[in-house]
Amino acid sequence: FMFISIAGNIGLGKSTLAKIISEEWDFKLKEERVGEANEYLIPFYEDINAGVKPSKRAHDLQMFFLETRAKDHRELQESEGRWVQDRSIYEDPYIFAIHLNNEGFLSDLDYDNYLDSFHKAEEDLKFPSLLVHLRGTANLARERISKRNRPEEAKLIDPANDYLDRLNNLYETFLSRYGGDCLIINANHDIENNPDERKKVLKLIKGHTPGLNIDKARINPPNI
């Protein structure tokens, strides 16, 4: 199997990079199931904003993501095609769920039960061919989040809100323990609007993993 997972903090360009890889290298794209998650996300945000601790809705959301991402991961590792995935299954237990537990939104009991479910699901999972982590500061994430102007993310752009900073710290801990092949890329590259930057990032990925076999990759030239 061949699949690349894109990881990184909120707003740093995971979806953009996944779509670029899909278009340039003819990889099939596995996007986050945000639409399907809305029935869990909306009440989850209500609890977060109201400070409900612990929150059953937080547990329900994490279980939804676990089940859907485990299903997607198995599909990708069993496929003979080439895939790129927007966000990996590993970010849920080691970034978001542990943060919810740290903040009291997931009780210790619910978090332990969630981890048991994750470890059982993990038993038949293989690491992605490559995990690409987009590393960027919380301020860069805030800047990009503000540009996409999503109402549910409004509180994230407040500099006094250190949520993105705390997620970044959890990402660094996760990366130090991750057992698969990982490439860390600076998220400062403007891959959405700058063709030269896009080409540079694709070259980094290709150079890190020769086995991708993308000698005929369709890397668009800069605008002239």
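Me: What counts as a cavity here, and what's a pocket?
Reply: On a 1 Å grid over the protein atoms alone, a cavity is a set of points where a 1.4 Å probe fits but cannot get out. A pocket is an open set with protein on both sides within 12 Å along at least five of seven lines, and lining residues have an atom within 4 Å of a point.

Me: And what kind of model is this?
Reply: This is a predicted model, where local features need pLDDT of at least 70 and side-chain atom pairs count only at pLDDT 80 or more, while totals for chains, interfaces and linings use all residues. Residues are numbered from 1 along each chain as its sequence is written, and side-chain values use heavy atoms, with hydrogens and water left out.

Me: OK, what lines the largest cavity?
Reply: K30, E31, E32, R33, F65, T68, R69, D72, Q85, D86 and R87 make up its lining. Two elements give two or more residues each: α3 (56-78) and β3 (82-86). Helices (H or I, at least four residues) and strands (E, at least two) are DSSP runs, numbered from the N terminus. The most comes from α3, with four residues.

Me: R87 is on that list. Is R87 buried or exposed?
Reply: R87 is buried, with a relative accessible area of 6%. Buried means under 20%, exposed over 50%, and partly exposed in between (1.4 Å probe, protein chains only). You'll find R87 in the loop between β3 and α4 (91-102).

Me: Which residues does R87 touch?
Reply: Leaving aside neighbours within four places in sequence, R87 is in contact (heavy atoms within 4.5 Å) with I6, G8, I10, K14, E32, R69, F96 and Y171. R87 and G8 are 79 residues apart in sequence, with their C-alpha atoms 7.6 Å apart in space. The R87 side chain also makes polar contacts with the side chains of E32, at 3.4 Å, and Y171, at 2.9 Å. A polar contact is a pair of N or O atoms within 3.5 Å; within protein, one must be able to donate a hydrogen and the other to accept it, and residues adjacent in sequence count only if both atoms are side-chain atoms.

Me: Switching to charges, how many salt bridges are there?
Reply: The structure holds 20 salt bridges, each a side-chain nitrogen of Lys or Arg within 4 Å of a carboxyl oxygen of Asp or Glu. One of them joins D72 and R33, at 2.5 Å from N to O. D72 sits in helix α3 and R33 in the loop between β2 (28-30) and α2 (34-50), so this pair ties together parts that are 39 residues apart in sequence.

Me: Are those two buried or exposed?
Reply: D72 is buried, with a relative accessible area of 5%, whereas R33 is partly exposed at 21%. Both belong to a salt-bridge network that links K30, R33, E36, D72 and E75.

Me: What about K147 and E143?
Reply: They form a salt bridge too, with their closest N and O atoms 3.7 Å apart. They are four residues apart in helix α6 (residues 138-148), so about one helical turn separates them. K147 is exposed, with a relative accessible area of 64%, and E143 is partly exposed at 42%.

Me: Last one: which residues lie nearest the centre of the second largest pocket?
Reply: P93, Y94, T173, F174 and R177 do, out of 13 lining residues. The elements giving two or more residues to this pocket are α4, α5 (108-122) and α7 (163-177). The largest share, four residues, comes from α7.
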